[in-house]
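The sequence and the structure come before the discussion.

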Amino acid sequence: MPKKREGGGRSRTQQAAKFLGVSVLAGAVLAGIALPAAGALGLAAKTTVGAFDDIPANLRTPPLSQRTTILDSDGGEIASVYSRDRTVVGLKDMSPYIQQAIVAIEDARFYSHGAIDLKGILRAVNKNAQSGGVAQGASTLTQQYVKNVFVEEAGDDPDKVAQATQQTLGRKVKELKYAIKLEEKLGKRKILQNYLNITFFGEQAYGVESAAQRYFSKHAKDLDVGEAALLAGIVQSPTRYDPVNHPQAATARRNTVLRRMADLKDITRAQADAAAARPVQLKVSRPQNGCITATDGAGFFCDYVREVLLNDPTFGKTRETRSKRWMQGGLTIRTTLDRQTQKSIQASLSKHVFEDDPVAGAGAVVQPGTGKILGMGQSRPYGFGTNQTQINLSVDRRMGGGAGYQPGSTFKPIVAAAALEQGVSPYQQYSSPYKMAVPTPVQTCTGEWAGHDTAQNENPGEVGPYAMKEATAKSVNTYYVQLISDIGICPAVTMAKRMGIRQADGKPLKQVPSLALGSLEVSPLTMATAYATFADEGTYCAPVAIESITDDRGRALNVPKSNCRSAMSKKTADTVNALLKGVVEDGTGKQAGLKGRDSAGKTGTTDSRYAAWFVGYTPNAAGAVWVGDPRHQRQMYDITIGGVPHDKVYGADTPGPIWRDMMTGALADRPAPELPAATIDDPKGNGDQGGKGKPKPQPKPQPQPQPQPGGGDNKPGGGWHIPGFPDFLGGGNGGW
């Protein structure tokens, strides 16, 4: 133990420690402020003074990271996301008790000293010398605020955080100079407000508003004196004084703060005693952070919104800039999600495909004419556990999805639209045999496809001739292979692009005849948006998920807008509507038909039954449902899905009922407008088009000028072969 002189005087060791501490902290720093040329402390002091002069005068304070709130279209909360759970509020929204408590326990002379409290420094040095360690700090509230700014700027980088908190003279000098400038620039009340918003209160709560919500489930302005004292006491050591895990230590610390408040006349001694006598009563609100907290299966939509902010140049030129903006938070994002639609999507998927089934299901619904995404969901929940996933099966890879899935015969209407735009009649007949060699060569955008393949229908009894309506209703593969061979592949590729169809992995569409049978790989959202084009008289609108964004100051930010364009004539769209109404009325999609409202759609089952689809629409909603193995490994033969056994899965018997149920719920109690459709006479007899003015079989369409190249296989004559081409299925047994 250090020895004292007689009469209670300090030993030489204590005197030396006091002198050295005051000299370094006060002498060197103050010399740099008042006497820049002074060399009282020799070379070390000169170095400190020089470093002081080199420090910029203004502290660059980064925006405080806060929580971002994601809302549905009606303003209901979907989820809150944050890197720091913080809500910035002004002093008027903080209880006077918390303002008094934090000053009392952290810097009692806050209102009477400048940026540096010399009396506090002397007291701390003396106390520490007596204890032989660091028993008391001397940082003012302003200095603590500056330190917190350094930590905030460091973010989650451990090396930068270590640099921001290192106990060195250089850092202390830097902290002091910034503190001086802040006192001059901001004043005491603004510094106190900033401090209470930036400081950490434990349990993932940054700032007093979040702390009040976390521990007491109330706003900071409503804290009583005991609650305020508890929060103020946490700041010195958020772990040691955590009232959730260490209630006794937190209570003792609270009482210390109360006594200090009474000493300073902030409250009476009686108030302090009464508050100290009451047990700590917490009402803890556990952190609810991230898309995983979203209900009704909206976690995937929430994650899609995040991907929009990270990928869209509207929110910054570089991904790094956009990522920083997302992490900073403080945003209120109002989205296009319709809660009724979202609930219906998730309920239908959960009913028909269980989360532990060997395959999964996913669905998305958009609004024709606007591109607004009304909802998306999947059978496997958003999360990290068993039978959960964070991969959004409804969207493209760049937006958090996978590599996509072959859409099968749901691509046939795109080929039909391309043919109609080329002048082909819906009464065009083809021989449509059960099995055939694919015609060759076939025109592409840059040359010819000249491979060797065969195509066949689902059942041997499916033999033409057929015209377009019956071929579509029965999903006749050979009809559509003959059709694309006549018009060329390029018109189909061009139409697909006009309708927003792209490969989920971002690669160009391959220009091969099997495109007519859905050999590309796409996402449900892509197909839903494409079919919405038919519902809106041929106008395609790119999908959008965000209605508006405001920052923490209530300022509106720019958001991505839907890009709407004409993809085809109204006549073509109306004709396709007639074709696809026939699918749900009398064709392969009867199980998906809606009661009491017009609808249209198409079934699809893909190569070796790795996936099954139904894509359909009404005038006010378009939706796509996919069922399959995301890993492309499990074929859907001899399988049980949603408790229902299947010898083999069709688009009509699993995706179809899912689509029917989700659209029925989404559109309940909503208008049921008529779907505009052209008149196409029903086929009579052996594929002839019957009815008044029965048309004659149409001649083979003449080759049309090819549109501009749109990517794909640009090697003229380059063969592309899908092993098992006939496995792209169509028609028969309820079809797909």
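## A positive phi within a strand

Asp 638 is placed in strand β17, which spans residues 637–641. In this predicted model, the phi of Asp 638 is positive, at about 45°, although the residue is not a glycine. Asp 638 is also exposed, with a relative accessible area of 66%, and it is classed in this way because exposed residues are those over 50%.

## A positive phi within a loop

Asn 387 lies in the loop that runs between strand β5 (373–378) and helix α16 (412–421). Its phi is near 65°, which is again a positive value in a residue other than glycine. With a relative accessible area of 32%, Asn 387 is partly exposed.

For context, most residues other than glycine have a negative phi, and most peptide bonds are trans.

Pro 441 belongs to the loop between the strands β6 (435–437) and β7 (442–443).

Gly 464 and Pro 465 are likewise joined by a cis peptide bond, for which omega is about 15°. Here the proline, Pro 465, is found in the loop that connects strand β9 (454–456) with helix α17 (468–473).

Definitions and conventions: Residues are numbered from 1 along each chain as its sequence is written. This is a predicted model: local features need pLDDT of at least 70, side-chain atom pairs count only at pLDDT 80 or more; totals for chains, interfaces and linings use all residues. Side-chain values use heavy atoms; hydrogens and water are left out. Helices (H or I, at least four residues) and strands (E, at least two) are DSSP runs, numbered from the N terminus. Buried means under 20% relative accessible area, exposed over 50%, partly exposed in between (1.4 Å probe, protein chains only).
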